[in-house]
Amino acid sequence: MPKSKRNKIVSLSKTKKKGKEHKESIVNAIREAAEDYNSIYVFSFENMRNLKFKEFREKLKPTSRFFLGSNKVMQVALGRSVSDEIRPGLYKVSKLLRGDAGLFLTNMPRDEVDSCFNKFEENDFARTGTIATEKVELLEGPLDQFTHEMEPFLRKQGMPVRLNKGVVELVSDFVVCEEGKPLSPESARILRLLGIKMATFRLNLICRWSPEDFELYKGLDESDVECA
């Protein structure tokens with residue numbers, strides 16, 4: 001009887017070794033890039049959409065490089081203090097790698113970088129847990145945007161609906177979501193059906209480093225770096 005692949009024993013030491021090698025390769029790639037590019041930025045992101053980010057990255061690929069992943073690994077690559085930073089001043093960049101953040105290394109002039117990031121914005125359907133940006137309420141009556149085949153699905157989402165002569169009808173007012181509150185899985189599905197996009201994928205510049213200077217964005221000051 002052939003052995004089941006599910007019962008295959010995997011050595012933990014090998015797994016750990018592979019993970020360590022992967023981290024080391026990232027550290028080395030960041031350090032090499034830090035020598036090849038004129039400036040380094042930290043950026044934060046909201047409502048990440050992988051496909052749209054990939055398109056943005058490919059657009060800037062000829063002059064730039066992005067790194068996303070473990071903040072600790074990126075911090076190690078740059079150096080977390082004056083004593084171990086790989087280039088003067090990079091420890092300040094390292095300290096600002098926290099939360100949903102990444103590195104952008106480039107040879108583009110600063111004004112072009114600012115323009116690219118400021119213009120980049122993609123509206124999309126919100127996912128479960130996203131904070132609603134507005135209250136959405138459906139009023140009692142026919143829902144002409146839905147076909148009769150949708151009625152069972154809508155009921156499963158908690159909507160008080162019925163079929164009236166083949167038309168989906170709401171038997172009472174229904175609040176899909178409340179402004180400022182996280183979306184439930186059902187609310188997210190209904191908003192998608194309604195074509196309402198509440199999520200905006202954005203990239204926000206936090207700081208810029210070059211061999212000549214270091215600059216903070218978003219109203220931060222040097223104390224934010226020291227306290228990071």
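Visitor: What share of the contacts with a separation of 6 or more comes from residues 24 or more positions apart?
Guide: Such residues account for 74% of those contacts in the chain. A contact means that heavy atoms lie within 4.5 Å. This is a predicted model: local features need pLDDT of at least 70, side-chain atom pairs count only at pLDDT 80 or more, and totals for chains, interfaces and linings use all residues. Residues are numbered from 1 along each chain as its sequence is written, and side-chain values use heavy atoms, leaving out hydrogens and water.

Visitor: Which residues does L103 touch, beyond its neighbours within four places in sequence?
Guide: Its contacts include I30, I40, F67, M74 and V93. L103 is also among the residues with the most contacts inside the largest nonpolar core, which has 25 residues.

Visitor: What makes a set of residues a nonpolar core?
Guide: The members must be buried Ala, Val, Leu, Ile, Met, Phe, Trp, Tyr or Cys residues, joined through side-chain atoms within 4.5 Å. In soluble globular proteins, nonpolar side chains tend to be buried together. Here, elements giving two or more residues to the core include helix 1 (12-36), helix 3 and strand 10 (199-209). The largest share, 5 residues, comes from helix 1.

Visitor: Why is P185 called partly exposed?
Guide: Buried means under 20% relative accessible area and exposed means over 50%, with partly exposed in between (1.4 Å probe, protein chains only). P185 has 34% relative accessibility, so it counts as partly exposed. P185 lies in helix 7 (residues 185-194). G129 is 56 residues away from P185 in sequence, yet their C-alpha atoms are 7.9 Å apart.

Visitor: What makes helix 3 mostly covered?
Guide: Of its 8 residues, 6 are buried: N71, V73, M74, Q75, A77 and L78. Across the chain, 40% of the 228 residues are buried. Just after helix 3, G79 takes a positive phi of about 105°.

Visitor: Why is helix 3 called a helix at all?
Guide: Helices are DSSP runs of H or I with at least four residues, while strands are E runs of at least two, all numbered from the N terminus. The chain has 8 helices and 11 strands.

Visitor: How do you know that strand 7 and strand 8 pair?
Guide: Two strands pair if DSSP finds at least two bridges between them. Strand 7 and strand 8 (residues 167-170) have 4 bridges in the antiparallel sense, so they pair.
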